[in-house]
Amino acid sequence: MLVLKNIAQIVTLGGGPAPRRGTEMAELGIIRNGSIIIRGEKVTWAGTAHDFPVRQPGAETRILDCIGLEIVAMPGFVDSHTHPVFGGTRVDEYEMRTRGKTYQEIAAAGGGIRESVRQLRRADLGSLIARAERYIRQFLEHGTTTIEAKSGYGLSTEDELKALRAIAALRIESKVEIVPTFLGAHAIPEEHQDSRQAYVEKLIREMIPRVAQEGLADFCDVFCDAGYFTVDESRAILQAARTAGLGLRIHAEELAHSGGAGLAAELGARSADHLEWVDEEDIRALRQSGTVATLLPGTAFNLGLTKYPPARKLIEAGVPVALATDFNPGSCFTPNMQLILSIACSQMKMTPAEAITAATINGAYSLGLSERLGSIEEGKQADIVLMDVADYREIPYYFGVNHCVTVIKKGQIVINRLERP
Ligand code: NIG
Ligand code: FE
């Protein structure tokens, strides 16, 4: 048994597995001066010190006592959109953007995703795993206990399988839980520049069936946007994915209003991600289909853009909103969800409470895992992080530092830096 005691605020997000919409997104279910009891992998009790049910802790009980400290406990972040397997950085492109080049100009000149494809094709499986392990450790250090991880820098059957096998190895070795997504439709590879239809066919007939058959992915994603896959191509790819038994996610409306959100709604995709360019009609359609809007405001921030997704409109329309990093070597190279909350609050005017909901229970729902993850409630998996702040609102407000001091994954303490003052 593990007992956490004298916690200034427990942000429970109690309320069951349903995604939070509208005003529900601001309801955190906070317990002040609280305690949590964990047995095995699960939370068995959370409440105030006053109601604590155990009189005499047994000899086998480990106690983490936060008395004298001011600590917030919250569910581990669920980062529902990342691209963590790649062969190298693109720091040159970062510098080019500081000198005025845009993301699209760099991609059109052969950089961008295609540069990452060249790097991944050169890399062997072991080096891909070793690099990603380092990043995944950093996710954990910053309080993320579950990530979704996409392939998408291979763009050939063999290289996409290599990326997915790297993810499969990381799933076994890593303390962070990882949900694998096949993103063979991330870009048209160089060798298919003049035969894009053949690549789409290959995705549908060869790659998706193989990935599904080998059990290497839970979801399939498509980059449906200007310069990448059209709505018709994306529809055909995602229908094949559905037939193969994969869940659906879409990179939609990031670079231009190109119809990806409408397609997500049409297909009942679990998540539509990015959404900088969604319009009112798209928002109504997403509301109807129950698709989660996964916002990735770190990309606009890092690319130096001023157009952020309309988070307020989405929330007010009743679309469940999630937040994720989009960790990748191009548009957003951070594993830090705390920073994403800061950007969401300052740039999209989400409240701190809405941002935390989006980064935990709603992210878990978008991965189909909210029965088990995303809140601190009796019966749920004990994925809990301790933040060295007295009030949860300080997590986005006091930005640029890592507040996470303790990480508990499946009931085990995997990081502990709690210090007495
Ligand atoms: O989510 N939008 C597509 N994919 C990534 C960018 C990937 C890259 O530049 O390597 C994104 O922003
Ligand atoms: Fe992405």
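Residues are numbered from 1 along each chain as its sequence is written, while chains are lettered from A and ligands numbered from 1 in the order in which they are written. Because the model is predicted, local features need pLDDT of at least 70 and side-chain atom pairs count only at pLDDT 80 or more, whereas totals for chains, interfaces and linings use all residues, and side-chain values use heavy atoms, with hydrogens and water left out.

H81 lies in the loop between β6 (77-79) and α1 (91-98), and D326 in the loop between β13 (321-323) and α12 (337-348), so the pair ties together parts that are 245 residues apart in sequence. Helices (H or I, at least four residues) and strands (E, at least two) are DSSP runs, numbered from the N terminus. H81 is buried, with a relative accessible area of 0%, and D326 is buried as well, at 2%; buried means under 20% relative accessible area, exposed over 50%, and partly exposed in between (1.4 Å probe, protein chains only).

The loop between β13 and α12 also holds N336, a buried residue with a relative accessible area of 11%. Leaving aside residues up to four places away in sequence, N336 touches H142 and T325, where contact means heavy atoms within 4.5 Å.

**Two domains**

The domain assignment gives domain 1 (2-76 + 375-416) and domain 2 (77-366), with bounds that come from an automatic or database assignment. Their C-alpha centres lie 29 Å apart, and 36 residues of domain 1 are in contact with 32 residues of domain 2. The area buried between the domains is about 2,700 Å², of which carbon and sulfur atoms give 67%; this is the accessible area (1.4 Å probe) that two parts lose on being put together, summed over both.

**Helix α4**

How far apart are the end C-alpha atoms of helix α4 (residues 125-141)? They are 24 Å apart, which agrees with the 24 Å that its 17 residues should span at 1.5 Å a residue, the expected span being 1.5 Å times one less than the number of residues. Among the buried residues of α4 are L128, I129 and F139, and just after the helix G143 takes a positive phi of about 95°.

**Salt bridges**

Side chains of opposite charge can pair when their charged atoms come close. The structure holds 25 salt bridges, each being a side-chain nitrogen of Lys or Arg within 4 Å of a carboxyl oxygen of Asp or Glu. The table gives some of them.

| Pair | Closest N and O atoms |
|---|---|
| R121 and D159 | 3.6 Å |
| E214 and R210 | 2.8 Å |
| R235 and D232 | 2.9 Å |

R121 lies in helix α3 (residues 113-122) and D159 in helix α5 (residues 157-173), so the pair in the table ties together parts that are 38 residues apart in sequence. R121 is partly exposed, at 28% relative accessible area, whereas D159 is buried, at 9%. R235 and D232 both lie in helix α7 (residues 231-243), three residues apart, about one turn of the helix.
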